[in-house]
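Student: Could we go through this structure together? I'd like to work from the definitions up.

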Amino acid sequence: MSEEKKKKSLIDELIYDNPVFGLYLGICSCLAVTTTITNALGMGVAVIAVLVLSNILVSLVAPLTPDEIHIPVYIAIIASLVTIVGMVMQAYTPSLYDALGAFIDLIVVNCIILGRAEAFASKNGIAASARDGLMMGLAYTLSVFAMAFIRQILGTGVLALKNPLTDTTLFSLRLLPVGFDIPIFTTPTGAFLVFAILAAAVTAYKNSKDAKAAAAEKARKAAEAKEKAAKAAAAKAAAAAKKAAAAQAEPAKEA
Amino acid sequence: MNLFSIFIASLLVNNVILSKFLGMCPFLGVSTKLSSAVGMGVAVIFVILGASVVSWLLYYYALVPLGLEYMELICFILLIASFVQFVEMFVKKTSPALYKSLGIYLPLITTNCAVLFVAMDNITQKYNLIETAVNSVAVAGGFMLMLVIFATIRERLEGSDMPKAWKGNPIAFVVAAIMAIAFSAFAGLV
């Protein structure tokens with residue numbers, strides 16, 4: 001039972017509570033870095049790194065931070081981590097760093113990170129915060145990957161992944177025949193359109209799930225009520241039987 | 001580059017929302033009503049101009065002489081956060097009426113990525129102080145322009161019939177996509 005529950009909540013965390021398509025957080029970078037899956041995965045890894053580390057640090061300093069200045073403190077932590085991640089990327093993956101441009105620095109103002117620091121890490125322990133950061137980061141990465149996957153295939157017809165460390169192409173697969181690609185998907189227009197479709201899909205999934213949950217809840221309540229009624233009836237019957245037995249016993253006593 | 005072409009480029013050609021994808025969160029949040037869109041737009045113009053000029057001064061008069069350019073990100077974000085707080089207090093003290101209408105939008109601006117982007121972009125582009133001011137106003141003006149256009153469209157969308165899953169933000173993105181096509185016509189302008 002707990003195993004099943006865990007599995008279900010994993011999918012829920014990635015899709016149902018998806019920070020990008022479900023809660024509309026961190027949209028800016030999601031639209032901007034999704035022209036190729038290489039950029040999207042690079043951005044995803046950077047966000048996971050910052051998110052996990054910031055969650056850990058925030059959960060450590062939260063008990064020591066006065067309430068009035070907690071936002072500036074968290075922002076300073078996040079900004080330092082982003083600077084470090086940016087420097088590492090500039091050193092080891094220069095082409096990826098150039099491709100992502102200002103959006104590495106703009107991880108600082110990605111609402112997901114400050115949001116998780118504020119809503120989760122400041123109230124929970126290190127291990128739980130690290131796990132939460134990882135899950136949120138994975139959900140973000142899944143979102144940008146899904147967008148980049150669609151945009152790259154439709155926009156260029158080729159699905160290609162580069163190794164950012166050495167700048168060599170890991171694989172390159174032509175999925176649409178030459179001349180059948182739709183270049184508009186590589187432009188901002190395509191980004192908005194793909195985002196709209198995915199957001200609508202996630203909303204539809206959520207709606208159907210909510211409807212199902214509501215139906216299940218209703219059925220459970222109905223069953224409960226039925227059971228209660230049956231129990232009450234049984235109790236009544238038992239009481240009546242008892243009374244009858246007592247009534248029967250009384251004349252016997254008298255006699 | 002002369003000032004006018006900087007202005008047109010930032011206002012229309014490289015529109016902050018449609019081609020740079022910045023400031024999407026407040027864009028989605030407050031573009032449902034025209035009055036709040038105008039309020040947010042004015043607040044953003046003010047904050048972007050102020051924060052950019054102050055961070056330009058900070059960069060060239062404090063960070064560069066001290067050799068601390070790599071601290072740019074941390075300094076700018078803290079500066080923006082405190083600037084927003086300062087503006088909020090200032091407006092509250094001097095003009096309670098303005099504060100009442102802008103009040104709720106001001107704290108939101110700290111997390112508006114456009115503010116941080118403009119401050120850093122001015123440094124990357126090596127603008128001087130006047131160019132920085134012009135660029136900041138143009139970017140913020142482009143943001144407000146989109147916000148106002150969008151608010152008028154979304155007020156109409158509100159009452160229209162559409163599948164349940166598309167209601168709200170998803171349909172707004174479709175509108176943004178169409179708008180991006182329209183704005184791409186400005187590409188050859190500068």
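Tutor: Two residues are in contact if their C-beta atoms, placed from the backbone, lie within 7 Å. This is a predicted model, where local features need pLDDT of at least 70, side-chain atom pairs count only at pLDDT 80 or more, and totals for chains, interfaces and linings use all residues. Residues are numbered from 1 along each chain as its sequence is written, while chains are lettered from A and ligands numbered from 1 in the order in which they are written.

Student: Leaving aside neighbours within four places in sequence, which residues is Phe117(B) in contact with?

Tutor: Phe117(B) is found in helix α7 (residues 113–124) of chain B, helices being DSSP runs of H or I, at least four residues, numbered from the N terminus. Setting aside sequence neighbours within four places, its contacts are Ala102(A), Leu106(A) and Leu22(B).

Student: Why is Phe117(B) called buried?

Tutor: A residue is buried if 20 or more other C-beta atoms lie within 10 Å of its own, exposed if 12 or fewer, and partly exposed in between. Phe117(B) counts as buried because the number of other C-beta atoms within 10 Å is 23.

Student: And Leu116(B), leaving aside neighbours within four places in sequence: what is it in contact with?

Tutor: With those neighbours left out, Leu116(B) touches residues of chain A and chain B. The list is Leu106(A), Val108(A), Val109(A), Phe76(B), Ile77(B) and Ile80(B).

Student: Which element gives the largest share of the side of chain A that touches chain B?

Tutor: The contact takes 31 residues from chain A and 31 residues from chain B. On the chain A side, eleven residues, the largest share, come from α9(A).

How values were computed: Helix = DSSP H or I, 4+ residues; strand = E, 2+ residues; numbered from the N terminus.
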